[in-house]
Amino acid sequence: MPLAGRATEAGTARYAERLQAGATRTDTGHFRAALGLTVSSIGAGTYLGDLSDEVDARYRVSLAEAVRLGANVIDTATNYRAQRSELAVGRAIGDLVASGEFRRDELVIISKGGFISYRLARPSDSVDYIYKQFIQTGVMQNDDLAGGIHCIAPAYLAQQITWSLRNLDLRTIDVYCIHNPETQLAFVDSATLRNRLQLAFVQLEEDVAAGRIGCYGVATWEGLRRPPMSAGYVSLELMVRLAREVGGEHHHLRLVQFPLNAAMLECAKFRNQPINGKLASALEAARDLGLTVAATASVMQGHVTGRIATSLAAAFPDLDSDVQRALQFTRSLPGVTVALTGMSRLEHARENMEVACYPPAPEQAQRLAQMLAR
């Protein structure tokens, strides 16, 4: 039977208090108020890894360890590893709750939909798979599918939420994101994407009302890093306006994800987002629009080298590794609530969560960002 409940203000505060009272945790600024909850400044990502039982098992163990060490935010998506990552997240949560170590209301689960998702393995004939799974069943029309890879049609998103709930073995997903909507702009014009986003937000508001999701967001990769008027550019202000049009002032668009790290600084430094008649960075625009920010690619998938590695070492000398310093940089940037990073191995979880023992260093992070952006 799916696990009932969702993250709550009381539950996430209880989690933070318990972790802060532990032998290796003090109130270091690791926990932050966002989404009406208390969330960890470091969240566990589940993007990378082969489509294998071995990787599934590793995720199950490492995610549980990350939660034990202070990460109460877990990020996944239907298309990550052909739904295997969602399944691993569900098993890790199930293990933690069944053991009595944690409760469902203490954990914040984020998932996403938009890309075509396969089941456990990639099919030999993806066209036949898409036709039988989605078009023949009426989940989408041919014209809804952008480039054969991406769809945000309402019925498709509703189905993907159902799949995610099944995989995660949950009654409610705390945050559900539209995954890289800018992907559509390689195949349709901006007016078409606007209409599709509006219809998608209508569906997501209905899923909030039905209790299937707690709120929703937008996860981007390129869209918020590009110059205005360029191909693939998206506007946060426009997306919030669309959410207001369908959900009113009390709409449930609450979170945005974008890549932000010492090598990818656009969302912190590039003023490309119109907000209140001026141009601001995506990080500033999110703040002014009341959106919680979850930074992705926080440690550059572990590829920290050259000038960046040297600069991080100088800025954060107390930390032991390049990965830890990169994570400290991202979580310390003012405006970032959660820095997401992959935790596919037990050693990754332990190394990443050691950073939670250190207070964020916003002044060092801002100085370093200024220097690296030159």
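Modeller: A residue counts as buried under 20% relative accessible area, as exposed over 50%, and as partly exposed in between (1.4 Å probe, protein chains only). This is a predicted model, in which local features need pLDDT of at least 70 and side-chain atom pairs count only at pLDDT 80 or more, while totals for chains, interfaces and linings use all residues. Residues are numbered from 1 along each chain as its sequence is written, and side-chain values use heavy atoms, with hydrogens and water left out.

Biologist: How many aromatic pairs does the structure hold?

Modeller: Rings of Phe, Tyr and Trp (its six-membered ring) pair if their centres lie within 6.5 Å, with planes under 30 degrees apart counted as stacked, over 60 as edge-to-face and the rest as tilted. By that rule, the number of aromatic pairs in the structure is 8.

Biologist: Which residue forms an edge-to-face aromatic pair with F134?

Modeller: The two rings lie 5.2 Å centre to centre, with 85° between the planes. The pair links distant parts of the chain, 22 residues apart, from F134 in helix 4 (residues 126-135) to a partner in helix 5 (residues 154-168). Both residues are buried, and the partner of F134 is Y156.

Biologist: How many residues apart in sequence are the parts tied together by F134 and W163?

Modeller: F134 and W163 form a tilted aromatic pair, at 5.9 Å centre to centre and 40° between the planes. Because F134 lies in helix 4 and W163 in helix 5, the pair ties together parts whose separation in sequence, in residues, is 29.

Biologist: What share of the contacts with a separation of 6 or more joins residues 24 or more positions apart?

Modeller: A contact here means heavy atoms within 4.5 Å. Among the contacts in the protein chain with a separation of 6 or more, residues 24 or more positions apart account for 78%.

Terms used
Helix = DSSP H or I, 4+ residues; strand = E, 2+ residues; numbered from the N terminus.
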